[in-house]
Amino acid sequence: MSYQLSRMASLRDAVSQINSDGDIDTLLRSLIESACRHGAWDLGAILSVDVPHGYALVIARHDATLLRRPLEDRWELATSPALVALQRSEPVYIRDARESTEFTGYRREAHERGYCTVLVFPMESHDAEGRPMVLSVSSRRVRDVSDEDLAFMAVIVHLGAIAIERAHRQRTQALAAEQLRRVLAVQGSMLKEVLAGGPMETLTSMLGDLLDAPVLVIDFFGGAVLGQRSPAPQLYDDDAWQRLIAGPPGRQILFDTRESVGGGGSGGARRRITLGVDERLVLDAQVEPLTVDSEVVGALLTFGQRDSGDLQKLAIENAKFALGVQLMRSVIRFRFETRTLTELFFEIVERRWRDEHDVLGRARRLGLALNAPIRMIVVDYPQRAGASGDGSVEGHRAVTMLAAQHKIALHVVTVGGGLVCLVPDEGDNPIERLLHFARRMIDTLTRTFGREPILVLGDTSKGLEELAREWERCWRMIRIARAFGKSGALGVPELGPLPMLIGAADSPDVRSFVDGTIGRIIEYDRKHHSSYLDTLTAYIRSGCRSQACADAMSLHVTTLRYRLSRISDLFGIDVETHDRRFAVELALRLHNLLESSLPAQADERELATTMPRTGG
């Protein structure tokens, strides 16, 4: 057989051997074996070139006479021709490695293993980690390499590179198919769990397997933060992580996430968020809002770098769908329980019940014993500029979580722009404990709404009628606090006697008294743009002393006396006697209080459709 036919046969055998193997490791061993056998080389190796770390790593080796002894598997690039071959994109020929001064590592090993000539070829392929590779073959004798030898070896190396790339594609396709099978299997199990009404904890564990990453599921309505796998195992194992998110750090994560996706309102888009879990741990997470009827009701947080391929996107969408179905139950349950309890509460405080036993029975089915002592805490939320909705969900959730933290059993009634907490007074909730809880409520709701709410801690009541009267008293105090711009925890001393007088009196009677005493002067000033009411107010405030009043108003005392004379002639108002002076002073104060409460009364009319009120 001629030399050319022999080479062609060798190439045919090399191609057959290379293509017979699908596994990359086996393929690399076959490639270096074919290169040595058909190229008449005694030994060889395929190396990965790790440029960032400065090493060439042996990943496949062939030596028919190799004795079992430790060999060098890592070469510094400074002592190896591998990097030179890659940079030049051409083979490196070392005629006698034993005498080489450029590659000292090869010279040392050449003496140890008994080889002379070395030929290093760059390969047009990469290993499983994406690093470039070179093929190195050696001869135990000094060998001259012709152009035909280089061309023959180049063809073998090129055929090997084609086979390697094909194996990489097959491996990628196999991994994708396996991942697809796994995703579909987990998705099927997940949907079965959702349809069966399984717990959210089980679903969260499945999501971690589906996405192959630590996840957190946050339920805005239920106030729950759920996670199974720790995103920072070096600091917290899985059990420690679950205990951590069950405490204050979990509540902070819920708050930060809710703010990130828009506070639970409509809309919301995928984004990244940085979470300061504690002083040791700051996490970067991908946030996927979870919606029900276009309202954001929760969020899915994934940690770590995430694949952006189509399969991963499909897994995310399936996860969001399953969580949406699960959270829809939470939303429906929250709305039903809230609406039912709210309707019952206002039926009581508006005295619309006909059968007291029926109302007590309905309350009992909701877990509320109204025929036992109960204490009421009424909260009025601050108005938030530019905020959508009245914040009832946020406030309800914050108070419920706080009560669970303090181990206080209560029923939260949503009342439009506020809420009512009904706390059983059975001796295990002393007033000091409730006062501490009320202060914590104010702090929590202030962080939630950005402004301090109004809170009234009511007295103990028992039965429907007492509960209705207590509601009227508490709401009266809130209405007064609104009129005077007060917030925080309130009692009678904070409001003063005159506001309480307004709250205790019937508004028509108060206005009738004011109109009968100073109504004519108010009307006259309004029509004629005069200031007789201001003059009368200043005169009484100065103790009916003419000179002091004139000085305060920057008037001549004669001018003041003329005005007082006109007030007496036009309106018949005389403040020289003690009784008349008291009546006029009281009317002036009541008039000022009623005028100052007008903005708050406008707010009441605006919220009347969402916050029914009775009494006062």
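Helices (H or I, at least four residues) and strands (E, at least two) are DSSP runs, numbered from the N terminus. The model is predicted, so local features need pLDDT of at least 70 and side-chain atom pairs count only at pLDDT 80 or more, while totals for chains, interfaces and linings use all residues. Residues are numbered from 1 along each chain as its sequence is written, and side-chain values use heavy atoms, with hydrogens and water left out.

**Exercise 1. Get to know the chain.**
How many helices and strands does the chain have, and what percentage of its residues count as buried?

*Solution.* Start with the secondary structure: the chain has 21 helices and 16 strands. Next comes burial, where buried means under 20% relative accessible area, exposed over 50% and partly exposed in between (1.4 Å probe, protein chains only). Of the 616 residues, 50% count as buried.

**Exercise 2. Trace the open sheet.**
In what order do the five strands of the open sheet lie, and which strands stand at the edges?

*Solution.* Step one is the pairing rule: two strands pair if DSSP finds at least two bridges between them. The order is S13-S14-S12-S15-S16, with mixed pairing. Strand S13 (411–414) and strand S16 (488–490) are at the edges; each has a single partner strand, so one side of each is left without a neighbour in the sheet.

S13 and strand S14 (residues 418–424) are antiparallel and share four bridges. Val412 has Cys421 of S14 as its bridge partner.

**Exercise 3. Step into strand S12.**

*Solution.* Then sort the side chains. In a regular strand the side chains alternate between the two faces of the sheet. Here Ile374, Met376, Val378 and Asp380 point one way from S12, while Arg375, Ile377 and Val379 point the other way.

Finally, check both neighbours. S12 runs antiparallel to S14, joined by seven bridges, and Val378 stands opposite Val420 there. With S15, the pairing of S12 is also antiparallel, over six bridges. In S15, Val456 is the bridge partner of Val378.
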